[in-house]
Amino acid sequence: MLSVPPVRRFALLLVISALAFGAAAPAQAGTVCNYPNVQPVFSPWLDPAMYTPFPGSAFESGASGWSWNGGANIVTGDSNAALNRGTHAVQIPGSGQAKSPWLCVSAATPSMRFFIRRTAGTGALRVQGILNGPNGKISSIAMTMTADATWRPSPVVLFPLAFTTILMTGDYKAQFFFIADPGSTFRIDDVQLDPFKGH
């Protein structure tokens, strides 16, 4: 029998609870999540989940919908050996941030994951989200992580409780920020959302 990693079991419990609680709740008008393009991107690292890319997150032909602050931007000539494809990534210098497009999330999209490496410093990268919920925007930190100089998958970033509680009532828009500690520089690539297909 295939064992389920603890972080996946926790995400599964969140989703089961969410579906039980909010099965009859209508989705927010115009934001029903539909992600048909899913692949087991991280299966070589024993993560069987089916992921779908954030808009523009391959960074090979620009980055539609993404924006930058504090010197963050797309850099070239840095191939992601973990994926063995592409030469573009986002570099986030100390105190800089990369901001994703708004995308549809629900109780069935419990987490995200991406590729990461650190090119300078000893600090951490913070992932922070903003949910455009039924009563206005809510901001919450999802995870803080470190990395080394080699491209590797990030930890699975579970959506914070402030999000999952609201997502029990429908589908909403969320936006995510990737923020580097002062004195450290990170690169990220291929940011993926887990739409919980195939679990």
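Ser106 lies in the loop that joins strand 6 (103-105) to strand 7 (111-120), where helices (H or I, at least four residues) and strands (E, at least two) are DSSP runs numbered from the N terminus. This is a predicted model, in which local features need pLDDT of at least 70 and side-chain atom pairs count only at pLDDT 80 or more, while totals for chains, interfaces and linings use all residues. Residues are numbered from 1 along each chain as its sequence is written, and side-chain values use heavy atoms, with hydrogens and water left out.

**Surroundings of Ser106**

- Ser106 counts as buried because its relative accessibility is 9%; buried means under 20% relative accessible area, exposed over 50%, and partly exposed in between, with a 1.4 Å probe and protein chains only.
- Leaving aside residues up to four places away in sequence, Ser106 touches Cys33, Leu167, Gly170 and Asp171, a contact being heavy atoms within 4.5 Å.

**Nonpolar cores**

- The largest nonpolar core has 35 residues, and those with the most contacts inside it are Ile92, Met112, Phe114, Leu125, Phe176, Phe178 and Ile188; such a core is a set of buried Ala, Val, Leu, Ile, Met, Phe, Trp, Tyr and Cys residues joined through side-chain atoms within 4.5 Å.
- Two or more residues of this core come from each of strand 4 (88-92), strand 6, strand 7, strand 8 (125-133), strand 9 (136-145), helix 2 (161-167), strand 12 (172-180) and strand 13 (185-194), and strand 12 gives the most, with 5 residues.
- Another core, of 9 residues, lies apart from the largest one, and has among its members Val41, Ala49, Tyr51 and Trp151.
- In soluble globular proteins, nonpolar side chains tend to be buried together.

**Aromatic rings**

- A search of the whole structure finds 12 aromatic pairs, for which rings of Phe, Tyr and Trp (its six-membered ring) must have centres within 6.5 Å, with planes under 30 degrees apart counted as stacked, over 60 as edge-to-face and the rest as tilted.
- The pair of Trp45 and Phe115 is edge-to-face, because the ring centres are 5.5 Å apart and the planes stand at 70°.
- This pair links distant parts of the chain, since Trp45 is in the loop between helix 1 (6-22) and strand 1 (52-53) and Phe115 is in strand 7, 70 residues apart.
- Trp45 is partly exposed, at a relative accessible area of 33%, whereas Phe115 is buried, at 0%.
- Phe59 and Trp66 also form an edge-to-face pair, with 5.2 Å from centre to centre and 75° between the planes; Phe59 is buried at 1% relative accessibility, and Trp66 is buried with a relative accessible area of 8%.
- One aromatic cluster is formed by Phe54, Phe59, Trp66, Trp68, Phe114, Phe159, Phe163, Phe176 and Phe178.
- The charged end of Arg113 sits over the ring of Phe42, 5.1 Å from its centre, the criterion being NZ of Lys or CZ of Arg within 6 Å of the ring centre and within 35 degrees of the ring normal.

- Most residues other than glycine have a negative phi, and most peptide bonds are trans.
- Leu46, a residue other than glycine, has a positive phi near 65°; Leu46 is placed in the loop between helix 1 and strand 1 and is exposed, with a relative accessible area of 74%.
- Ser95 likewise is not a glycine and has a positive phi of about 70°; Ser95 lies in the loop between strand 4 and strand 5 (97-99) and counts as partly exposed at 48% relative accessibility.
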